[in-house]
Amino acid sequence: MAPLDFVAATAVDPGDTAWMLTATALVLLMTVGLGLFYAGLVRSKNTLNTFMMCIAALAVATVTWAAVGYSFAFDGDGSLIGGFGHAFLQGVDFAPRDGTTIPHLVFFAFQASFCIITVALVSGAVVERMRFGAYLVFAALWSVLVYAVLAHWGFGGGWLMANGTLDFAGGIAVEMASGFAALAAALVVGARKDYGRQALLPHNAVYVVLGAGLLWFGWFGFNGGSGFGVGDASILAFTNTLLAPACTLVVWFALDLIRGRKVTAVGAATAIIVGCVVITPAGGYVSPGWAMALGALAALPCYAVIVWRPRTRVDETLDVLAAHGIAGFTGILLLGVVAQESWNGVSDGLLYGNADQFLWQAIAAAAVPAYAFIATFILLKVIGAVMPLRASEHEEALGMDIVQHGEEAYVTGEGAILISAPDAAETETGVPVANPV
Amino acid sequence: MPDFAGGWVALLPAIQLGSPRSAGRELPHVKGTGTMKLVIGIVRPEKANDVLESLYRAEVRGVTISRVQGHGGELDRVETYRGTTVKMGLAEKLRFEIAVSDDFVDAAVEALCAGARTGEVGDGKIFVMPLDRAVRIRTGETDHGAVTPVAK
């Protein structure tokens, strides 16, 4: 290593740091956007509970990440899991993180935002029936036992990374992990009581589209920040994050037209997510042209799974498997075909004469879904043995907002009687509008 | 073809429009005989599909549904919004209105009960009241011709 490189690699770069601070905030916004997206897809009586599952990820996953998750993912280069070296933020300070030009604290925060959104993604499989308390326990354990482990494999120095598997921004730990964990969660928690008997429709398509828009916006930080600076890889990933989802949208429109003769808004929102997901692993490694091709190609398998899944008994409610698992799988695999060293300076794919790259992408595409599925399945079985995972049928009928949170999303206040109002006794004006007893 | 929504949902338009069989079969402006009743069912919103299904099975066609709020002795829910804790005195309900000839009253009431019952407080009420007149706007048919899709 040349001395100049050595100096550059150990100094904090203000430009890189400024962008990474911004990118971290962008990724955090994605979790709120996801909450809006999910909330629109469920029935109105479950709006808040669905949103709260994403907010809960912000709470729980941040704490577990600071405690041990980050350390398991990014301390040392053990092949399966990291160590305890950074537990409770030990040694995470202003000095640059190894291999980057940004302070370790910023690197930690950026990675934390990834853990948060991944946990929130999994909730899409169990909305409208899982008990909130059980979900909090699940979120805490899953963020350490599944996310942190797969983050170590994919970009913390674990066996996949060490063997050259490419994953720019989280096709392994975020997309495939959440998608296949969602499938396991749906199987263990079980279908909603009305699933397959009644049409369970999105209650607000505008939330869905707006949420997808916020996700796309945040994804520029997610992919664009995964180069840890403002270098070529980040720039490439940023622009590819514009190109790929646009192509997915166009193909999705066409598929909608062929299948139903109309282009749907909820379909478009889904297409945005699929396009962002497929370019997540490939962002900084493929040419803009191939990014567009990947975006277009990813629409096909994901659309097929989204059409097929509701005809099965598997109530993987918000199609995390299709939109994240399958799209992430497609991205990881095709990245091994179309990666170009002339664009990324790292490695070529199969198409450019490097079959080894494709082999390691395929190994990741097999191992990661297997681990995510099996670990999640076992984890939920264990939690389920200790506490009930789901609400009763009666509670499910009432809606999770009232039962779990004692609130409603669209409360009118008609007929509401104040119980605790300190001023009411003195002024006698704070008392209720109506008391129908 | 496997239908996610469940087969009977596809029949909903038929329920809302009444039976197409009455169109053109009966002379317009013929006044029906016998009396009619208006059956009103106040039920839990989450039981809407069950009620529609049991009404359909009972061959009671033609319903109107509205979202209402009411109070009928069930326990109040307590909700908290920041520092404000409130007792929600009114519960969301669905109101079914079904105009039927006397022959269909029992069927309609039984179907409403069967579809809406959970056994918990708050299942709702059914009211049956006399109905003076009914007119099918499209054809001008009145009374039995208007409320009874299939002559019985």
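Here are some questions and answers about this predicted model.

Residues are numbered from 1 along each chain as its sequence is written, while chains are lettered from A and ligands numbered from 1 in the order in which they are written. Because the model is predicted, local features need pLDDT of at least 70 and side-chain atom pairs count only at pLDDT 80 or more, whereas totals for chains, interfaces and linings use all residues.

Q: How many helices and strands does chain A have?
A: Let's start with the counting rule: helices (H or I, at least four residues) and strands (E, at least two) are DSSP runs, numbered from the N terminus. On that basis, the secondary structure of chain A comes to 17 helices and one strand.

Q: What is the radius of gyration of chain A, and what does the globule rule give for 437 residues?
A: The radius is taken over C-alpha atoms, and the globule rule is 2.2 Å times the number of residues to the power 0.38. Chain A is as compact as a globular protein of its length, because its radius of gyration is close to the rule's value for 437 residues. Both the radius and the rule come to 22 Å.

Q: Is helix α10(A) oblique or perpendicular to α11(A)?
A: Axes are lines fitted to C-alpha atoms, for helices over the stretch in contact, and angles run from 0 to 180 degrees between N-to-C directions. Helix α10 (residues 265-282) and helix α11 (residues 288-308) of chain A pack at about 125°, with their axes 9 Å apart. Angles under 35 degrees count as roughly parallel, over 145 as roughly antiparallel, 65 to 115 as roughly perpendicular and the rest as oblique. The angle therefore makes α10(A) to α11(A) oblique.

Q: Which residues of α11(A) make the contact with α10(A)?
A: Two residues are in contact if their C-beta atoms, placed from the backbone, lie within 7 Å. From α10(A) come A:Thr270, A:Ala271, A:Val274, A:Gly275, A:Val278, A:Ile279 and A:Ala282. Facing them from α11(A) are A:Ala291, A:Leu294, A:Gly295, A:Ala298, A:Ala299, A:Cys302 and A:Ile306.

Q: Is A:Tyr135 buried or exposed?
A: A residue is buried if 20 or more other C-beta atoms lie within 10 Å of its own, exposed if 12 or fewer, and partly exposed in between, with C-beta atoms placed from the backbone. A:Tyr135 lies in helix α5 (residues 132-155) of chain A. Leaving aside neighbours within four places in sequence, A:Tyr135 is in contact with A:Met53, A:Ala56, A:Ser123, A:Val126 and A:Met130. Since 27 other C-beta atoms lie within 10 Å, A:Tyr135 is buried.

Q: What separates the C-alpha atoms of A:Gly218 and A:Thr24?
A: A:Gly218 sits in helix α8 (residues 205-224) of chain A and is buried, with 24 C-beta neighbours inside 10 Å. Not counting residues up to four places away in sequence, A:Gly218 touches A:Leu26, A:Val27, A:Leu29, A:Met30 and A:Gly33. A:Gly218 and A:Thr24 are 194 residues apart along the chain, and their C-alpha atoms are separated by 9.1 Å.

Q: Is B:Glu59 buried or partly exposed?
A: B:Glu59 is found in the loop between α2 (48-57) and β2 (64-70) of chain B. Although it is not a glycine, B:Glu59 has a positive phi of about 60°. Because 14 other C-beta atoms lie within 10 Å, B:Glu59 is partly exposed.
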